[in-house]
Amino acid sequence: MPDAPVRPDQAHFFAADTELGLVDQVDETSAPTSLWADAWQNLRRRPLFWVSAALIALVLLVAAFPSMFTSLDPRFCELRNSLGEPTAGHPFGFDRQGCDIYARTIYGARASVATGVLTTLLVLIVGGIVGGVAGFYGGWFDSLLSRVTDIFFAIPLVLAAIVVMQMFKESRNILTVVLVLGIFGWPQLARVTRGAVVAVRHSEFVTAARALGASRLATLIRHVAPNASGPVIVTSTVALGTYIVAEATLSFLGIGLPPQITSWGADIAKAQTSLRSEPMVLFYPSAALALTVLSFIMMGDAVRDALDPKARTR
Amino acid sequence: MIPVEIDTQAPPLATTVEPLLRISDLEVSFATANGLVQAVRGVSLTVYPGQTVAIVGESGSGKSTTAHAVIGLLPGTGKVTGGTIEFGGVDITQADAKDMVALRGKEIGLVPQDPMSNLNPVWKVGFQVKEALRANGVATGSAATARANELLAEAGLRDAARRAKQYPHQFSGGMLQRALIAIGLAARPQLLIADEPTSALDVTVQRTVLDHLQGLTRELGTAVLFITHDLGLAAERADHLVVMYRGKVVESGPAREILADPSHPYTRRLVASAPSLASRRIQSAKERGVRSSELLTHAGDDGPSRRDDIISVEHLTRVFRLPGGRPGATRELTAVDDVTFAIPRGTTTALVGESGSGKSTVAKIVLNLLEPTSGRVLIDGTDVSTLDRRRLFDFRRRVQPIFQNPYGSLDPMYSIYRTIEEPLRIHGVGDKRTREARVRELLDLVALPASTMRRFPNELSGGQRQRIAIARALALEPEMIVCDEAVSALDVLVQAQVLTLLNDLQTELGLTYLFITHDLAVVRQIADEVCVMQDGRIVEAATTDEVFDHPREEYTRELLDAIPGARLAMTPDRGDPEPTDAAVL
Amino acid sequence: MAWYIGRRLVQTIPVFLGATLLIYAMVFALPGDPVAALGGDRGLSPALVERIRESFNLDKPFLVQYLLYLKGVVTFDFGTTFSGRSVRDVIGEALPTTFMLAFMALVFEAVLGVAAGLVAGLRKGKAFDATVLIVSLFVIAVPTFVIGFVLQFTVGVKWGVLPPTVGSDVSVRTLLLPAMVLGAVSLAYVLRLTRTSVAENLTADYVRTATAKGLSRPRVVTVHVLRNSLIPVVTFLGADLGALMGGAIITEGIFNINGVGGTLYRAILQGQSSTVVSLTTVLVVIYIAANLLVDVLYAALDPRIRYA
């Protein structure tokens, strides 16, 4: 091929001598926007996003540095304070065991957030890879995966977790809970990932990349994965919230985290007995749990709306 | 913009006839995040009883929005912000919801654009026709059932009574459109709005459906407001044309007059570039000095031994296995059946056929993206299937595709720079600096400014994206490009622009094209040789002139006949076209 | 249609085998000795452990154990509970109550969820829609057991409108509160699903065509929008029937209902592995059956599936 010369006739080739020229011009003044930049533009205009982002930031901060928020020890309990009213330095009062509710609520964040984040990471790694590979390569691996996910879907997450967790009597800790939730949580994400990948796989730009000589793996990593990541991010954000609820449910049943780990679920279970006399004992851990879950679900909602081109134009 | 007299239009019958529909200074706006956007800007037009008026325009011209305003069904945030729409003397922009319900179906019918999505998939077709009868007080109960069957039969649906009991997904596109025509005409409205009623259908189907619709409305004396992007089609079907551009009417008048003597520059350009009306191959900038006869003779009459074929396809067959009706059962579909052809270097061969003819499957096999069941593809005499990994990689450099959908073939996450650079990076051509220089060069080649590099595909128009796709395909300096319906999704003017560009690049770089299309009109503009495909077979193969002037096969004749505007006697003889017509775009 | 149901039935078999194997493996093949756990803190005599191992076939190879267990499942022979009662009898007693509870929850969430979702979808972006969305988010975020405690305390104890616990008095009145608690989270999902589906269908081409035919707005909304929007909702509801049976563990525990969930709840607290496995298996089988039913229902609602 000759080194492409600039042809003299090109100047008028697409010349803007009518309004048609306007259509053909590239707007060079605005900032370049990619799909993600577009989504971000949309996202930053949503109050729901900012509210949930602020809440998530707060929850993460509390989980990471609980001592920044209280100087009290959540495990320091005196029975003489049992169900005590709020006093100076103890804004939420005391529970039946005489522990400071504010300190327990603050320290409870770590267990919930750790379970939620770690389970989501585990599920993202396992489910994302399995679903992505099955969706992209298809064939027997895909069929096998579909059957396996069907099997896992036949057992509801909490039910399965209950059955397994009650087997662990002594060695319960955050990791066992994460592992159990992860084992039963990954098929859902694998299914979502697979669907997203299949939808992108048949795009013409993927075929075009293959025709350019890109290898299948390179196409998967460079083109398919970035384009399929939207639904995966949304699903895992919402799932993070459900994992936190699942952990709380297990702790509530007494088969989640051990008593020495401060957990909202366990505190709610304990508060049950004081409900009639002191409803606020139940309120604080429940509200903390609900707000944490809510912030992740709202974030997922906001991101979904921002990524959905149909919702965007409206 | 030249001011245009609109209401000089004479009623078709007698001067005393009152217009059925009179749109005056209509303005329609949509509320968006960036404020009000005007889609229709002061449109006026008149439809007399029994008259067929066509609104012609590109996508975004406001033609469909105008039509939807007439039936009070503006989508989303759309609102009439000015002007009047008088139907039978009453301004319906002021009508309340109840009056509009009374008007719809009974007075104004609609035949929508995409037949596949316009019938409710969960109700039987007959039920959906009956609904129109019942809602407009035409018939109820068993009388409605009988009448619905009559209407479906009248719309040209064979075996209507049985078909009425079926669901939409059991119908073909053409059959669905007939059912929608039956619904649109069910209550015998005075005005029928036909919104691109056949643009989703194959040309031959399109023609029979339109013929039928035309006969039916003429018989019933129904006025038709026909919306289309195809000037040829409009001229063929309507008495009166209204040309819209960017929300405004730029020209209106009797169809033949506009075609013969377009006065507005936009219409002139539209007439000049309408592929259905062009009758010669586009000449490249270089060749414009050369006589066209010389250009067209270099292919075809050489003996096969002397031809330098870059690609030849021999006895290609591809069978797909599809799941059958019962578990475990499969049926076989022969998508490509013993196809043989060869493409001489530096020329364009078009593969023409309707949907399901197997033309795209051939393209995929030629690109080595799909393996043939039997037969082979030779590039410069080498069987492509025998290539090892490294030589296949080389093959990718030599043969590049351009796909149909300019919105789908570019990765939305990639900037234009990354998009065009990708093939260079994959093949390890040059370093970062030389690659950037090459991207600039390529953008220049497709006449886009270098600043486009930083943009993303969603910021560009369809035509611009298709030019990016061309630049990407050219990056590796291929010898051959496979264009799979590369211009089908583009508006006429943009289509002409891209075709001219492709043609110039061919002369300049000595490219060979395999052009896959359903549009014979486009073939005439670009191809040297044509292979007509039907049901997986090549039924006719010859030079473009031979196929157009002396088609041998009945099927080819049918296809040619079905080109919108092909039957217009008054098509100006443009055997020696003004070179500027297409090139100035 | 018959082929379709047949195909779905055949596809269910590997799911059933896989799910039962999974449950069995989870309980009897995981580290930790289920038999030793039986004794609690006191521990069991070696002879008793041996006898229990034998009665649960734990002395045999794993696959044989599983097959024997499977045989039990298929013949509805689930063995005995810790206290010596036949698990089948326990289930026979508990299942009707749980069914009734789950059914009431299903009706509650379907009626309220579809109605509110329809209105929200038709008025997308308006005040009602926004309110309903926020409320549904809260319902999803607050764990079922908290909702249960709060309702039990306020409605049941404080105001005394409905009985706070069920016990042996199983009736529509006593089950009303637990059913609302059980269905609450699903109600939020049904609402959101209906809303999205309605809003999406409203912009469908065939809805515009139906309006263009001259149909009145109520008819367009019911015959075209709602009918089509119900397809995903019914699918969800069917699958949810199974999930409700599982969710009953919490609800029945809180309200002291002698259903499958309540029995399972107590079995978990007492560490009775074999009973837990049996009851879980029953719930999973019901879940699989519900999913099968959904597929049939789906085909009945959507002709495109039926004739596929």
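Okay, let's start with one pair of residues in chain B: B:Leu351 stands opposite B:Cys531, which sits in β19(B). Keep in mind that this is a predicted model.

So what holds that pair in context? Strand β13 of chain B, residues 348-352, is joined by four bridges to strand β19 of chain B, residues 529-534, and the two run parallel. In general, strands in a sheet pair through backbone hydrogen bonds, parallel or antiparallel.

Zooming out, the order β16-β17-β18-β13-β19-β20 in chain B gives an open sheet of six strands, with mixed pairing. From one strand to the next, the twist averages 15 degrees. And there's a helix to look at here: α20 of chain B, residues 554-562, lies across β19 and β20 of chain B, and runs at about 105 degrees to β19(B).

A word on confidence. Chain B has a mean pLDDT of 83, and 87% of its residues reach 70 or more. But residues 1-11 of chain B have pLDDT below 50, and that stretch has 19 contacts in the model beyond near neighbours in sequence. Residues 288-305 of chain B also stay under 50, with 18 contacts beyond four places in sequence.

Now over to chain C, and a helix pair. How do α5(C) and α11(C) cross? The axes of α5 (residues 87-122) of chain C and α11(C) come within 7 Å, crossing at roughly 125 degrees. That angle is why we call α5(C) oblique to α11(C). On the α5(C) side we have C:Val90, C:Ile91, C:Ala94, C:Leu95 and C:Thr98, and they meet C:Val260, C:Gly261 and C:Thr263 in α11(C). By class, the residues of this contact are five nonpolar, three polar and no charged.

Last stop, chain C against chain A. This contact takes 35 residues from chain C and 36 residues from chain A. Which helices of chain C supply at least two residues each to the side that touches chain A? They are α1 (2-28), α6 (127-141), α7 (144-158), α10 (217-254), α11 (260-270) and α12 (273-301). The largest share of that side of chain C, eight residues, comes from α1(C). And its make-up? The side of chain C that touches chain A has 30 nonpolar and five polar residues, with no charged ones.

Conventions: Residues are numbered from 1 along each chain as its sequence is written. Chains are lettered from A and ligands numbered from 1 in the order in which they are written. This is a predicted model: local features need pLDDT of at least 70, side-chain atom pairs count only at pLDDT 80 or more; totals for chains, interfaces and linings use all residues. Two residues are in contact if their C-beta atoms, placed from the backbone, lie within 7 Å. Ala, Val, Leu, Ile, Met, Phe, Trp, Tyr, Cys and Pro count as nonpolar, Asp, Glu, Lys and Arg as charged, and the others, Gly among them, as polar. Two strands pair if DSSP finds at least two bridges between them. Axes are lines fitted to C-alpha atoms, for helices over the stretch in contact, and angles run from 0 to 180 degrees between N-to-C directions. pLDDT is the predictor's confidence in each residue, from 0 to 100. Angles under 35 degrees count as roughly parallel, over 145 as roughly antiparallel, 65 to 115 as roughly perpendicular and the rest as oblique.
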